Amino acid sequence: MSEFSIDELGVKVGLEIHQQLATNKKLFCNCPPIDTDEYSIKFQRKLRAAKSELGEYDPAALFEKSKSKTIMYFANPESSCLVEQDEEPPHELDEDAKKISLVIASALQSKIFREIYPMRKTVVDGSNTTGFQRTMLISQGGSFNVDNKKIGIQSICLEEDAAKILGEEGSIKKYGLERLGVPLVEIATEPFEVKPHEIKKIALALGRILRSTKKVKRGLGSIRQDVNVSIKDGNVVIEVKGVQQLDQLEKVVEYEAKRQHGLLKISKKLQGIDWTHDNKDRKDVTDLFKKCKSKIIQNAINKNQKIFGISFRNMADMFGYSPYEGIRLGKEVAELVRFFGIGGVFHSDELPNYGVENKDINDLKETLEINDNDGFLILAAPDEKMEVVIDQIVLRIEYIRNEGIPIDTRLATQSGETKFLRPRPGAARMYPETDIPPIIISKTELSNAIENIPKSWDDSIKELQTKYQLNLQLSEQLFDSNYFELFENVVVKTKVNPTFVASVLCSTITNLERNGLDSKLLKDEEITKTFQFLEEGKITKESVEIIFENIMNGKSQTIEEAMKNASIEAVDESELERICYQVVENNQEIIKNQKERAIGPLMGIAMKELRGKASGETINKLLLKNIKNKLENN
């Protein structure tokens, strides 16, 4: 196994930013983009691949079709209509979405087309009821600067967002339609060569330009980064989708560069092996494994699945060969198998293991007519999927041997690794939209877009500091956070100190998230109500964190429930004075030894009873007054 160094690989990176726009309705209908998890409508579809205008099938569409999935859609009439269900033609393009996209293109100095032609982009993973996504090329070219480095813009598109995946059950894939059709811009950069740690800066700078318009959505899922990665000797570009957090970018690029270079090493080694495959090298060995102690195999047999052995002549040690840590041919095969919804695959270089014993291996080798120089796979799958999966495994190994790096679309994981999603789509994926006429951009619209180019990020931060009297660090945190619009709503509706509001939104909630709590459970209306309760004196500053913690851990849904569950209620002045007096009376020994420094331990004692019921400042003053009285009287 070799040590990996990314500096020598000639890595190039391109970013694709997908940013939802803050409009009052969807791109091609009048439905408001409301997030919901309540559905009163359910229907299902079976999507299939269709030929393009040129009479060709898109490879990604064909591959998705091979999974034979049934798509179940869930809809709420408040957030979707017959357009999303593909039962009604699209309406006219939303004017606000068009205006915002023109402003963004102008801010990036991108050349806007005077005529825009809506297109259909084939999508058959189920995320779109029509089997395609509507997209429009708005502009090309342009740039922005990051640390005195010019980053080029390739293209800017205005398009529909996809449906929200709700999960999978066997052969059924579930989607919610509330997000389908929400307007978003897709900004693709030119490929650039930078150090991996600089990629986050570039994505952050582009995100700040978008947020400066104050016309884009914020919050989890409102902006997504795809990253294209290539290495000098690879001759392919791999698209990695679904990078939700900027901190993932560096890890994703490093892993994908390592994977690509590792595959080139695996390819070179495979080229030195005399290996071919035909149908006689795959055999049904279900009966052979009926007494196998592997729980995985037994579970498959109990589900009436088949067990197949697939032999690979002269390939001993190849599936386990690891040019770099975590990069193996066996791993590539396993990812492909999981794509078809199959639990996994065993290869010869990892056995005996997982309950598969030496006797099972020897019996399998005898059945497959192979020896110790050969490799093999053991695959458990439903009978109807078996031949398709084996064919795809063989094709992938042949491609790695002959070409090197398969041209995939991959998915980013939280750990920064990437996994197989589908083959990279081809040119047959895109064709003209027949239901929407071309969109003409007038000179007035172009002029208005230029006039509405937002302030720079630096100017926006200075404005925040001046307007709300925030310090520089808090202003930057707030502007980059998901809570900027919420902050402005709260300070308009209440007289709570803006610094305190910003600190709660940017620090308190973040700290609770770091402790494993779920901020998605904390709705904007409950946050706003919390600050209103604070202004009305119903709660104290100290109780805000307690309330948010109670909601984010799932114990409560509303501020009222959280107050009840956490026993938060403001105590009146006389009761507060009585409790503070009693704390001093009960701890005279501490006061005798520490004098006024006793305020520290006594505050800790008092807060056990009063946390969230009175302000720390008031409790401190009352305790100090009682301590001084006690010292003077002694």
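Two rings of Phe, Tyr or Trp (its six-membered ring) form an aromatic pair if their centres lie within 6.5 Å; planes under 30 degrees apart count as stacked, over 60 as edge-to-face and the rest as tilted. With that rule, a search of the whole structure turns up 13 aromatic pairs. This is a predicted model, in which local features need pLDDT of at least 70, side-chain atom pairs count only at pLDDT 80 or more, and totals for chains, interfaces and linings use all residues. Residues are numbered from 1 along each chain as its sequence is written, and side-chain values use heavy atoms, with hydrogens and water left out.

**A tilted pair**

- W275 and F312 have ring centres 5.5 Å apart and planes at 35°, so the pair is tilted.
- W275 sits in a loop and F312 in strand β16, so the pair ties together parts that are 37 residues apart in sequence; here strands are DSSP runs (E, at least two residues), numbered from the N terminus.
- W275 counts as buried (under 20% relative accessible area, with a 1.4 Å probe and protein chains only), because its relative accessibility is 4%.
- F312 is buried too, at 0%.

**An edge-to-face pair**

- The rings of F339 and F340 have centres 5.3 Å apart and planes at 85°, so this pair is edge-to-face.
- F339 is buried at 8% relative accessible area, and F340 is buried at 1% relative accessibility.

**A cluster and charges over rings**

- One aromatic cluster is made by F43, Y73 and Y175.
- K538 lies over the face of F533, 4.5 Å from the ring centre; such a charge has NZ of Lys or CZ of Arg within 6 Å of the ring centre and within 35 degrees of the ring normal.
- K541 lies over the face of F500, at 5.1 Å from the ring centre.

How values were computed:
Helices (H or I, at least four residues) and strands (E, at least two) are DSSP runs, numbered from the N terminus. Buried means under 20% relative accessible area, exposed over 50%, partly exposed in between (1.4 Å probe, protein chains only).
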